Structure formats: structure tokens, C-alpha cells
Amino acid sequence: MVVFKKPHALTDAPLHYCPGCTHGIIHRLVAECIDELGVEGKTIGVAPVGCSVMAYNYFNCDMVEAAHGRAPAVATGLKRSLPDNVIFTYQGDGDLASIGMAETVHSATRNENITIIFVNNAIYGMTGGQMAPTSLPGQVTQTSPYGRDVATVGYPIKVCEMLSQLDGPEYLERVAVNNVKNVRNAKKAIKKAFENQINNKGFSLVEVVSTCPTNWGMTPEKALSWVDEKMIPYYPLGVYKDRSAAKEENK
């Protein structure tokens, strides 16, 4: 009896990610949700610029490559022209929260019926480990060798908290994938985000707190612990907006 197998929505292509990077876990969760919802044949993913720039190699659904930061705009165009399809973006913090912040905010405030998977590893991974919009106060990176100085460069952007102040978004949740319990919760959130789109509820974003052992200068094991010790205290996990749940509670 088969109790564990590769999701059909994942290709057989070997992942290019560094050892210990949790992009692979997140890819699998997205693919499992696509399989379980039976939407592979009508799903279109939008790949970003960043570590997951080659996501088009890993998912069996149709994929579109977006210019840096423009994935929500591309997804908006796809969904409006193909309303019966399931459209998702897969973006890192540099892509979504820096050059793509305007696209993110405006697609959220319009409550575009798309799903965004936002991977927050607090650093620019692909380009060598520069400080990102989500790098923690005091965090050492290639461009902040003495630690992020909030007096000169400001504080990290908390995407879920910021978007939760908008009237538009349907669903915002922050999850992590650094242990079994968190992985299970992350899958539930990702599946709900897809279900919201299928049910025409509108904009859903799942922020996944992730690791970058290579650019953090840590072993994979230490990076997982650092998520618990540093990342989650600054980026608390949980639901930041769920309009449908709020309506049910108010009945």
C-alpha cells in the first residue's frame, strides 16, 4: 500500500535549491493542494525573479514568468481574462515586498481573486545575501555587515500586518515550515487560499516564514532553530484577516 508519494503536480526535475532551504517543502505543499483540489489542468502559476525564478520547471501546471515584482499584476491579467482558471503567484520577499510592493498592495486592495504564496526568508537569496525589506533589526547580511540599523534603513516590513489594514483582502495568514506541526498548518492555510479563489472569495495571501542557511551562514539544523528563536518572535504566526470567518462569527 502506498502511504507517501510525490504529488502529481510536481515534475521530476531535481530542485536547484541549497541544502536545508525550505522552498522544496513549500513547493510540495502547493503541489499537494493542487492535487487534492483536482485543479491541475486549469491552474496557472506565476514565477517570480529570485531563488524560485525557475519554479516553472517544478510544477506540472502551466506557468508564466513575470518581470521582477510584477507577478500580482500578471496574475491579475490572467485571472481577469481566464476567470475559470486557478491563478497563483509564488514570490520571495525581495520580489514581493520591495520592487513589487505596489503590485502587491493594489491587487490586495482591489481584492483580486488570486492566490499569493509569499516566502519570507529575511534576505535576498539568489543575488548573494543582501539585506531585504524583511531582514530583522540587527541582522547581518552582505549589505549590512554590522547588522541592520533601523535608524538609517528603517524597520522590516510586516506584510500580513500591513495588508490587514486594507479593506480589500479576503484572507491573510502567516505560517512556517520549520517543524512538522508548522508544516501541517502551512498546508491547511495554502489549501484554504486556493479554496477561497475557487469559491470566488477574492485575494488570499499566505506568508511562509522560511530558511536560507547559505546566506544566513548557518547549518540547515541551526537555520530551522533560528526561525523559532528569531524569525517567529518578530513575525508572529497566525491569521491576520479572514473576512468569511468574521462574517460567520457575526451572524
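Guide: A pocket, as the word is used here, is an open set of grid points with protein on both sides within 12 Å along at least five of seven lines, and its volume is the space filled by probe spheres set on the points. The model is predicted.

Visitor: What volume does the second largest pocket have?

Guide: Of the 17 residues that line the second largest pocket, Y17, C18, C21, C51 and G125 are the closest to its centre, and the lining divides into nine nonpolar, eight polar and no charged residues. The second largest pocket has a volume of about 180 Å³.

Visitor: Which helix gives the most to the lining of the largest pocket?

Guide: The largest pocket holds about 210 Å³ of space, and its 17 lining residues include V49, G50, C51, Y124 and G125, which lie nearest its centre. The lining is made up of six nonpolar, nine polar and two charged residues. With three residues, the helix that gives the most to this lining is α3 (residues 93–99).

Visitor: Why are α2 and α4 oblique to each other?

Guide: P72, A73 and T76 in α2 meet E103, T104 and S107 in α4, and these contact residues divide into two nonpolar, three polar and one charged. Angles under 35 degrees count as roughly parallel and those of 65 to 115 as roughly perpendicular. Helix α2 (residues 71–81) and helix α4 (residues 101–109) have axes 7 Å apart and pack at an angle of about 40 degrees, and therefore the two helices are oblique.

Note on methods: Residues are numbered from 1 along each chain as its sequence is written. This is a predicted model: local features need pLDDT of at least 70, side-chain atom pairs count only at pLDDT 80 or more; totals for chains, interfaces and linings use all residues. Side-chain values use heavy atoms; hydrogens and water are left out. On a 1 Å grid over the protein atoms alone, a cavity is a set of points where a 1.4 Å probe fits but cannot get out, and a pocket is an open set with protein on both sides within 12 Å along at least five of seven lines; lining residues have an atom within 4 Å of a point. Helices (H or I, at least four residues) and strands (E, at least two) are DSSP runs, numbered from the N terminus. Ala, Val, Leu, Ile, Met, Phe, Trp, Tyr, Cys and Pro count as nonpolar, Asp, Glu, Lys and Arg as charged, and the others, Gly among them, as polar. Axes are lines fitted to C-alpha atoms, for helices over the stretch in contact, and angles run from 0 to 180 degrees between N-to-C directions. Angles under 35 degrees count as roughly parallel, over 145 as roughly antiparallel, 65 to 115 as roughly perpendicular and the rest as oblique. Contact means heavy atoms within 4.5 Å.
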